[in-house]
Amino acid sequence: MTLPLSRIRVLDVSQIMAGPYCCMLLGDMGADVIKVETPGVGDQTRRAMGFKLKGEDSGGFLALNRNKRSVEIDLKNPQGLEAFYELVRSADVLVENNRPGVAARLKIDYPTLQAINPRLVYASISGFGQTGPWAMRPGLDLIAQASCGPMSVMGEPGGAPMKSSVPFADLGAALFAAYAILSAVIGRGETGQGQYIDASLFETALGLSIWESAEFWGTGRVPTPLGSANRMSAPYQAVKAADRHFVIGAANPKLWAALCQVIERHDLLADPRFTDNVERIKNRAVLLPILEAEFARRPAAEWVDLLLAAGVPAAPIHNYEEALACEQSVARDMVMEMEHPVEGKVKVLGFPVKLRGTPQQIRRAAPLLGAHTEEVFAELGLSSERIEQLQNAGAFGGQGQTALPA
């Protein structure tokens, strides 16, 4: 079936995580994503991030770059830059994640490309945005988590600052950028004009701090770490059973009563320390050991079954081996395989949102470096002789790997 973005061409002039993930999301929805890479080098993630399987590209690169084609263009080569401009004329969207100022030095900044293609939607993803006193600081997920609050509230009370192992600033910036890109593409249908999008890891992580900012402005208190607990509800956290931890969420009166019924502690309903959610939050440190003393009587799996049967939200705490193999992941196709020319069959995460009318597909594995250079420029009307001339002039790289390296 025709996917929703099948008529959209995206130039992925980004690397590592935020930009590539954004472009992969668009590719999953059908966009023709062309990854523009430096000849002989490519995206840093190809070589520098994560483990390798059979070939030269890392597992991290394979996970972030499906449903894309790769072309090698030397943007510092005058002929390469002109070839890139030809590609821009055919594009709807461009995503880059250089530090502010780099795109202008390369002559691929928005004002330059807007003059070539006024309909272009151009998205820049950076650490701190294109303006402000911190704009030129290095843009890493770790730096964003540290500088805008989240690390100050992660971990256990009194413990060392912790970051989220899941890089939510990077991935969240990709999601916000994709949301802005699609909004701009829809708006272009009315105006005929593209526009510039300025996304940052800093604003993403801060923008996701909903409960923490509400607590600070509402109470004047600076939020602090709560471990696995929740700022607005109790009990809503991990608890220890006889064998391992699991989680419960019993914030409203009905769920609190049901929890007390399951653990056979009806007396807690009359305890003034726990009469409502406000009191339970205030007395969370007292409530937790009372609950865990009861949960120590059974294994976590039994408690989860009993609580779910009573309508109380509960779940095991899975590691990734368990999560990827659990029946829900299987039922929702969250583990898929793609056929790679070097790696063979590679497992990747499935699509986190499903379209019933036009279901997504893995149409292409993560591309080998430069594998589609000739194909893409032939589509633009360049002859094989002209492509060979550009290659000889150093504008393009080779055609990428097609077999295992010697």
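Buried positions of helix H9 comprise Phe168, Ala169, Asp170, Gly172, Ala173, Ala174, Ala177, Ala178, Ile181, Ala184, Val185 and Arg188, where buried denotes a relative accessible area under 20%, exposed over 50% and partly exposed in between (1.4 Å probe, protein chains only). The model is predicted, so local features need pLDDT of at least 70 and side-chain atom pairs count only at pLDDT 80 or more, while totals for chains, interfaces and linings use all residues. Residues are numbered from 1 along each chain as its sequence is written, and side-chain values use heavy atoms, with hydrogens and water left out.

Helix H9 covers residues 168-191, a run of 24 residues that reaches 33 Å from its first C-alpha to its last. This is close to the 34 Å expected at 1.5 Å a residue, the expected span being 1.5 Å times one less than the number of residues. Helices (H or I, at least four residues) and strands (E, at least two) are DSSP runs, numbered from the N terminus. After H9 comes Gly192, with a positive phi near 80 degrees.

The largest nonpolar core contains 36 residues, and Val10, Cys22, Val93, Val95, Ile125 and Ile181 have the most contacts inside it. Such a core is a set of buried Ala, Val, Leu, Ile, Met, Phe, Trp, Tyr and Cys residues joined through side-chain atoms within 4.5 Å. At least two residues of this core come from each of helix H1 (18-28), strand E4 (93-96), strand E5 (121-126), H9, strand E6 (196-200) and helix H10 (201-207). H9 gives the most, with nine residues. Cys22 illustrates the packing: leaving aside neighbours within four places in sequence, Cys22 is in contact (heavy atoms within 4.5 Å) with Val95, Ile125, Ala174, Ala177, Ala178 and Ile181. Another core, of 30 residues, lies apart from this one and has Ala103, Leu120, Tyr122 and Phe396 among its members.

Charged side chains form the next part of the picture. The structure holds 25 salt bridges, each a side-chain nitrogen of Lys or Arg within 4 Å of a carboxyl oxygen of Asp or Glu. One of them joins Asp32 and Arg69 at 2.9 Å, N to O. This pair links distant parts of the chain, with Asp32 in strand E2 (residues 32-37) and Arg69 in strand E3 (residues 68-72), 37 residues apart. Arg69 counts as buried because its relative accessible area is 3%. Both residues belong to a network of salt bridges that links Arg9, Asp32, Arg69, Glu375 and Glu379.

Glu86 is partly exposed at 36% relative accessibility, and Arg89 is partly exposed at 45%.

Arg244 and Glu322 form a further salt bridge, with their closest N and O atoms 3.4 Å apart. Because Arg244 lies in the loop between strand E7 (236-240) and strand E8 (245-249), and Glu322 in helix H16 (residues 320-325), the pair ties together parts that are 78 residues apart in sequence.
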